[in-house]
Amino acid sequence: MKKHPIMIGFNRLLKMNVKDRKVSPPASGDGFSEEALRGLADLDARSPPPDAVFLTSAFAPSYKKTQRLSQSAAAGGGLIIDDQGNSIPHYWGHRERLRNRFLAGGHKPMPEYELLELLLFNAIQRVDVKPLAKRLLSTFGDLNGVVAASEHRLLQVEGATQKVYLQLRIAEAFAQRMGQAKILKREAVSSWDDLITYCRTSMAHRETEQFRILFLDRKNIIVADEEQAKGTVDHVPVYPREVAKRALELNAGAIILVHNHPSGDPTPSRQDIDMTASVAMACNSIGVTIHDHVIIGKEREFSFESEGLLDCSRTVTR
């Protein structure tokens with residue numbers, strides 16, 4: 001077994017002819033004083049043996065050390081060749097190049113992960129966000145799913161922070177305001193496609209049920225769009241009396257009910273049909289008409305009016 005260097009030095013000192021422990025170190029410097037020998041002995045006692053096993057600390061850092069330029073860690077980036085033929089890390093100047101591409105060509109030719117990168121630039125500084133963008137899309141399916149993700153689920157993705165969640169909420173708010181602007185103060189029938197698009201943007205990818213109401217005046221102009229209730233993954237509480245009361249407060253002549261199914265399947269349940277009948281009864285008593293009840297799924301929507309279920313609800317209320 002190979003001896004520890006300190007042990008070698010100590011053994012050499014022991015073999016030296018030191019007869020008087022109290023002698024001062026010789027002027028030549030070939031020997032050591034008693035104090036120096038004691039110091040070396042103490043150091044040797046504190047040093048681990050050559051075959052010692054070093055244990056990992058119980059409080060080891062949680063970060064993972066990766067090779068930033070490897071294909072896996074860099075999400076396919078690695079080294080690239082610049083204009084002068086030099087090999088440089090792929091992330092050098094990446095943000096500026098991506099911004100310039102977006103400004104020059106718009107969003108259509110860009111893949112979803114690059115659009116998401118542009119958004120993440122504002123939340124995370126001086127770090128390659130491409131891996132995070134791809135992890136988010138892999139977790140939530142597409143941009144709609146990422147933007148609509150709940151705070152709890154989003155923060156479970158490695159690299160996602162509260163600032164990332166904030167940027168996504170801002171993006172969602174912009175999308176909803178733009179969609180809402182296309183339907184408010186407009187006639188419901190003529191803007192029906194915009195109405196459905198807005199409802200899809202706002203509700204299709206939510207993880208829990210949401211119930212909202214569009215209030216129309218006597219000329220079928222949409223005067224208000226309000227979220228009435230939030231529920232669980234398969235249920236949202238709706239109180240017909242509160243719906244009728246709000247319609248009176250807004251002087252509405254008609255309403256359109258909208259809610260989503262997080263499962264993605266917009267087929268109405270028995271509870272949906274019964275709830276629609278109850279709301280219709282409450283609204284008919286004050287002269288307010290239900291134009292439709294639309295259920296939003298991930299890929300399509302279900303219209304009570306188009307499928308004839310709204311007539312059944314009206315019949316039940318008579």
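Which side chain does Asp274 meet in a salt bridge? Select Asp274 and Arg270 in this predicted model to find out: their side chains meet in a salt bridge, at 3.1 Å from N to O. Side chains of opposite charge can pair when their charged atoms come close. Asp274 and Arg270 are four residues apart in helix H11 (residues 270-284), so about one helical turn separates them. Now show the surface: Arg270 counts as exposed because its relative accessibility is 55%, while Asp274, at 39%, counts as partly exposed.

Next, select helix H8, residues 162-181.

Ile170 counts as partly exposed, at 36% relative accessibility.

Now bring in helix H9, residues 192-203. The axes of H8 and H9 come within 9 Å and cross at roughly 160°, so H8 is roughly antiparallel to H9. The crossing is left-handed.

For a last stop, select Arg246 and Glu226, whose side chains meet in a salt bridge of 2.5 Å, N to O. Arg246 lies in helix H10 (residues 240-249) and Glu226 in strand E4 (residues 222-230), so this pair ties together parts that are 20 residues apart in sequence. Arg246 counts as partly exposed, at 24% relative accessibility.

How values were computed: Residues numbered from 1 in each chain as written. Predicted model: local features only at pLDDT ≥ 70, side-chain atom pairs only at ≥ 80, totals over all residues. Heavy atoms only, no water. Helix = DSSP H or I, 4+ residues; strand = E, 2+ residues; numbered from the N terminus. Buried < 20%, exposed > 50% of the residue type's maximum accessible area, 1.4 Å probe, protein only. Axes fitted to C-alpha atoms, helices over the stretch in contact; angles between N-to-C directions. Parallel < 35°, antiparallel > 145°, perpendicular 65-115°, else oblique. Left-handed = near helix turned anticlockwise from the far one by under 90°. Salt bridge = Lys/Arg side-chain N within 4 Å of Asp/Glu carboxyl O.
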